[in-house]
Amino acid sequence: MLLVMHDQAGAGSPDNFDRLWTPHRMAYIKGENKPTGTGPGDGCPFDAIPEMSDEDGLVVARGESVYAVLNLYPYNSGHLMVVPYRHVSDYDELTPAELVELGEFTQKALRALRKASGAQGFNVGMNLGHVAGAGIAAHLHQHVVPRWGGDTNFMPVVAQTKVLPQLLRDTRQLLADAWG
């Protein structure tokens, strides 16, 4: 095996690593667009998204009490969330109608992802509260993450980087078309 040393022009010792730069992730790291408080008027993106066009908000489908939206910082291609319009933070705060539609939208998300991408499995769930891992704890949302055999490789394991093969706008259109 031939190792090629890369000149780093004074930026440390050469280490044989190529770099994959993802400056767009800095917004996520810095917490941009995170709510500034816990109320519905405190900058919550889940409150702002319904006011946007589907394309600008990455909305896949809209219901009466919930909507489906692509995750702006996805774990996998097609990672979407089902979100109630009403600003609530806990599952037990949902009305019966919201609860039913959230379940129906989750089923539709699974069907659309299978149809549009051939997903072989899914991670579905919620993180309720900051200590449980919720990035935006003030507004309940359910994640639907499509999975495929072998979709975890060295990039996320070693480099903490995901390589997504499709632009979010293209993924949104495929899923909206498959929503049916």
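A polar contact here is a pair of N or O atoms within 3.5 Å; within protein, one atom must be able to donate a hydrogen and the other to accept it, and residues adjacent in sequence count only if both atoms are side-chain atoms. Everything below comes from a predicted model, where local features need pLDDT of at least 70, side-chain atom pairs count only at pLDDT 80 or more, and totals for chains, interfaces and linings use all residues. Residues are numbered from 1 along each chain as its sequence is written, and side-chain values use heavy atoms, with hydrogens and water left out.

**View 1. H139 and its polar partners.** Start with H139, whose side chain makes a polar contact with the side chain of D47 at 3.3 Å. That side chain also reaches the backbone oxygen of R86, at 3.4 Å. H139 sits in the loop between β4 (121-125) and β5 (142-147); helices (H or I, at least four residues) and strands (E, at least two) are DSSP runs, numbered from the N terminus. H139 counts as buried because its relative accessibility is 0%; buried means under 20% relative accessible area, exposed over 50%, and partly exposed in between (1.4 Å probe, protein chains only).

View 2. Contact means heavy atoms within 4.5 Å. Setting aside neighbours within four places in sequence, H139 is in contact with C44, F46, D47, V83, P84, Y85, R86, H87, V88 and S89. Pick H87 out of that list: its C-alpha atom is 5.4 Å from that of H139, although 52 residues separate the two along the chain.

**View 3. The cavity.** A search of the whole structure turns up one cavity of 30 Å³ or more. On a 1 Å grid over the protein atoms alone, a cavity is a set of points where a 1.4 Å probe fits but cannot get out, and lining residues have an atom within 4 Å of a point. Grid points are joined across faces, edges and corners, and a volume is the space filled by probe spheres set on the points. The largest cavity comes out at about 60 Å³. H139 shows up again in its lining, along with S89, M126, N127, L128, G129, A134, I136, A137, L140, H141 and H143.

**View 4. R86 and E98.** R86 forms a salt bridge with E98, the closest N and O atoms being 2.8 Å apart. The pair links distant parts of the chain: R86 is in the loop between β3 (80-84) and α4, E98 is in helix α4, and they are twelve residues apart. A salt bridge is a side-chain nitrogen of Lys or Arg within 4 Å of a carboxyl oxygen of Asp or Glu. R86 counts as partly exposed because its relative accessibility is 36%, whereas E98, at 6%, counts as buried.

View 5. The structure holds four salt bridges. In one of them, the side chains of R172 and E55 meet at 3.5 Å, N to O. This pair ties together distant parts of the chain, with R172 in helix α6 (residues 168-178) and E55 in helix α3, 117 residues apart. R172 is buried, with a relative accessible area of 4%, while E55 is partly exposed at 41% relative accessibility. Another salt bridge joins the side chains of R169 and D56 (3.7 Å, N to O). Here too distant parts of the chain are linked: R169 is in helix α6 and D56 in helix α3, 113 residues apart. R169 is partly exposed at 47% relative accessible area, and D56 counts as exposed at 52% relative accessibility.

**View 6. E101, buried without a salt bridge.** E101 belongs to helix α4 (residues 96-117). E101 is buried yet has no salt bridge, and the nearest side chain of opposite charge, K108, is 6.7 Å away. For charge, Lys and Arg count as positive and Asp and Glu as negative; His and the chain ends are not counted. What the E101 side chain does reach is the backbone nitrogen of E64, at 2.9 Å. Not counting residues up to four places away in sequence, E101 touches G63, E64, S65 and V66.

**View 7. L58 and its positive phi.** L58 is a residue other than glycine with a positive phi, near 60°. L58 lies in the loop between α3 (54-57) and β1 (59-62), and counts as buried at 10% relative accessibility.

Key. On a 1 Å grid over the protein atoms alone, a cavity is a set of points where a 1.4 Å probe fits but cannot get out, and a pocket is an open set with protein on both sides within 12 Å along at least five of seven lines; lining residues have an atom within 4 Å of a point.
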